[in-house]
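The following note sets out numbered points for a colleague examining this entry. Please read each point alongside the sequence and the coordinates.

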Number of protein chains: 2
Amino acid sequence: MPDLAAARRVTAVDIAKEVGVSRATVGFVLNNTPGKKISDATRARVLDAAARLGYQPNRAAADLARGRSKIILLVLPGRLLGSSLQASLDESARVLAEAGYALVTQTGGPGGAPPLWETLNPDVVIGWTTFTDDEVASMRLAGVRRIVPRPGESARYDQAPGVSEGARMQVDHLHELGHRRIALASLADSQMLELQRTRAEAAVRRAEDLGMEVVGVRAVAHADGSSADAVRAWAADGVTAIVAYNDDVAATVAGAAIAAGLRIPADLAVIGHDDSPMAELFYPPLSSVRMDTVEAARYLAEVALHEADGRPLTSTWTELDTYVVARKSTTG
Amino acid sequence: MPDLAAARRVTAVDIAKEVGVSRATVGFVLNNTPGKKISDATRARVLDAAARLGYQPNRAAADLARGRSKIILLVLPGRLLGSSLQASLDESARVLAEAGYALVTQTGGPGGAPPLWETLNPDVVIGWTTFTDDEVASMRLAGVRRIVPRPGESARYDQAPGVSEGARMQVDHLHELGHRRIALASLADSQMLELQRTRAEAAVRRAEDLGMEVVGVRAVAHADGSSADAVRAWAADGVTAIVAYNDDVAATVAGAAIAAGLRIPADLAVIGHDDSPMAELFYPPLSSVRMDTVEAARYLAEVALHEADGRPLTSTWTELDTYVVARKSTTG
DNA sequence: TTGAAAGCGATACCAC
DNA sequence: GTGGTATCGCTTTCAA
């Protein structure tokens, strides 16, 4: 079982030999080292030789010499991916790659695999929400130099982007449409319990502020008929609209309502969250809440480069732009 | 803006000094170097000192010295994540971490961010399907030593796990239930066109082998009413069952059918694919096709360690275990 | 404008 | 059993 690359990789020394200059000179032109004046002639010859020999710098050696890894680790809660965020992160990765950084994404939290910051030596770790003290300690031990959000800064979970704001907007939307008696539909056995709870609390608080009645939170379980039961109960209770935890729940509620003979949204309005592809696809199309992931990704790249390279931050962190996408499941 | 870790990191030399042995000895006990007999006493003292000082080996130095990165890169097509695969990969990562390897996952294909193998120097790159020649060339240039599936081995796209087999099982399931006239529902504007096409072809071929009539493939677009139109057309056409590209499409079809007054599955049966959480949640619960991701993840870890460390392969690659989960959308 | 050389920190080979 | 030490490939300071 021979190695694919049995031949020794080409190093900077090879280029130096080929061109007939010192290895240092090679390094200077390859890194565009500022303050070094290299004649255009030699620069060109070096670049040419590098391309011809297929030179690829050795990451380990460079990391060791410069004392940093040029890796940026993004830690996301399990489910946050999947939607449009995925595509947007690709854009962040592209921007970071141009600056020489690799963006590595890790999903899944405690109990899972050991965090990658322990082994990857990332220069920067960026999280969606604040890290626990244990996590921060572990990062420091691993030599992580920059952590975002900054540990110790009072970043509260419910203030993280996409956690509470969307829930409030769901309620506002229903309120504007005249609904005064609503219920929440959540998901049983989810891995995102804290997120669900926080969103639900935010929704209830907003509803009460607006003088709406909230009949309660009902979990739509992964059990046959549970959504049908829920719909019956709501109907009996005079509920006119449902705030769903996400689009899957919204679709389930909508499906069960239609099966029960209710009209959507006339008899029961439903709004989801996340604006997954599903939301637009479903019949009737589901109103949902969307976050501006493009903007988020742009900001992510900016923050990463700020922390890693000291580049200036041109914008400040604001609540992630969040808005309601109104479709037929609420507006008929 | 001071670094979080202004203090120099503790190295093996520090431990050696602390304990009063040579740095080499420290290395031996830290790596459990076989063939070296270290007295239990010094071994204990070294380990203790390492723990006390919070020693973390420097990845870059180790990588450079040993000539490999201990990184395994898994390349997945965009959408394959999200479902249960995510959790299973966590398990692979844990197994690999025990062996000292970091599992990094990259999703998203061409046109996106530059592939991580260019910058991460992974020891092994594992893909779901075969890589293109360009990709393989780029990996070789980057010094990747092992690629799975092996380039050149005639692994055909439609034979990759989860590509065709599931589609055939959807058809078989409907056939067993007595359906003889079916249609396929796919997704317009999807990023997974090749996957959709391949699955559709497999389904059609199987249906024809079984003597079933396939009315055609109809794309359910992200446009209002498109699914309602589709349902009407199918009903007019005498179609009794739908093979949906995935569970989102299945839910959409089911929702539209119910809204059109059809009974599921009596008037129209629907089967999805992937067995997403949605499938079980929906009302009626959706029959779907599930792949054994746990087994896949276990095998992934095994292959990775085989390629990276030369560990023996205890099982052979077989078509990923795939089966139908029958629920009410087909069985009433 | 270019070259020499000192690290970076761990691995592993060879002596003792 | 334990200790030197050359080595990996690149970065970077200091001379020339």
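Where in chain A is the place of Asp274(A)? The points below begin with this residue and then turn to the backbone, the symmetry and the DNA.

1. Asp274(A) sits in the loop between strand S8 (269–271) and H12 of chain A. Although Asp274(A) is not a glycine, its phi is positive, at about 105°. As background, most residues other than glycine have a negative phi, and most peptide bonds are trans. Please bear in mind that the model is predicted.

2. One joins Val148(A) and Pro149(A), with omega of about 0°. Pro149(A) belongs to the loop between strand S4 (146–148) and helix H8 (165–176) of chain A. Another cis peptide bond joins Tyr283(A) and Pro284(A), again with omega of about 0°. Pro284(A) is located in the loop between helix H12 (277–281) and strand S9 (288–291) of chain A.

3. Chain A is divided into domain 1 (4–57) and domain 2 (161–291 + 321–331). The C-alpha centres of domain 1 of chain A and domain 2 of chain A are 60 Å apart. In the UniProt record, an unreviewed entry, the annotation "domain: HTH lacI-type" covers residues 10–66 of chain A. That span of chain A is 68% helix and 0% strand, and its end C-alpha atoms are separated by 20 Å.

4. Chain A superposes on chain B through a rotation of 180° with 0.1 Å of shift along its axis, and the RMSD is 0.1 Å. This is therefore the relation of a two-fold axis. Within chain A, the C-alpha nearest the axis belongs to Ala60(A), at 2.4 Å from it. The same surface serves both copies, since 99% of the contact residues of chain A recur in chain B.

5. DNA strand D is surrounded by 26 residues, and the closest are Arg23(A), Tyr55(A), Thr25(B), Lys37(B) and Ser39(B). Of the atoms of DNA strand D that come within 4 Å of the protein, 61% are accounted for by sugar and phosphate.
   - a backbone N or O atom of Ala12(A), at 2.9 Å;
   - a polar backbone atom of Ser22(B), at 3.1 Å;
   - a side-chain N or O atom of Thr42(B), at 3.3 Å.

Helix H2 (23–31) and helix H4 (59–66) of chain A, together with helix H2 (23–31) and helix H4 (59–66) of chain B, are the elements that give two or more residues to the surface near DNA strand D. The residues of this surface comprise 14 nonpolar, seven polar and five charged.

6. Around DNA strand C there are 26 residues, of which Ser22(A), Thr25(A), Lys37(A), Arg23(B) and Asn31(B) come nearest. Sugar and phosphate make up 63% of the atoms of DNA strand C that come within 4 Å of the protein.

7. For the surface near DNA strand C, H2 and H4 of chain A and H2 and H4 of chain B each supply at least two residues. The residues of that surface divide into 15 nonpolar, seven polar and four charged.

Note on methods
Residues numbered from 1 in each chain as written. Chains lettered and ligands numbered in written order. Predicted model: local features only at pLDDT ≥ 70, side-chain atom pairs only at ≥ 80, totals over all residues. Heavy atoms only, no water. Near = heavy atom within 4 Å. Polar contact = N/O pair within 3.5 Å; in protein donor to acceptor, adjacent residues only side chain to side chain. Helix = DSSP H or I, 4+ residues; strand = E, 2+ residues; numbered from the N terminus. Nonpolar A, V, L, I, M, F, W, Y, C, P; charged D, E, K, R; others polar. UniProt positions renumbered as here; feature names shortened; annotations may be inferred. Least-squares fit on C-alpha atoms with pLDDT ≥ 70 in both. Contact = heavy atoms within 4.5 Å. Domains from an automatic or database assignment.
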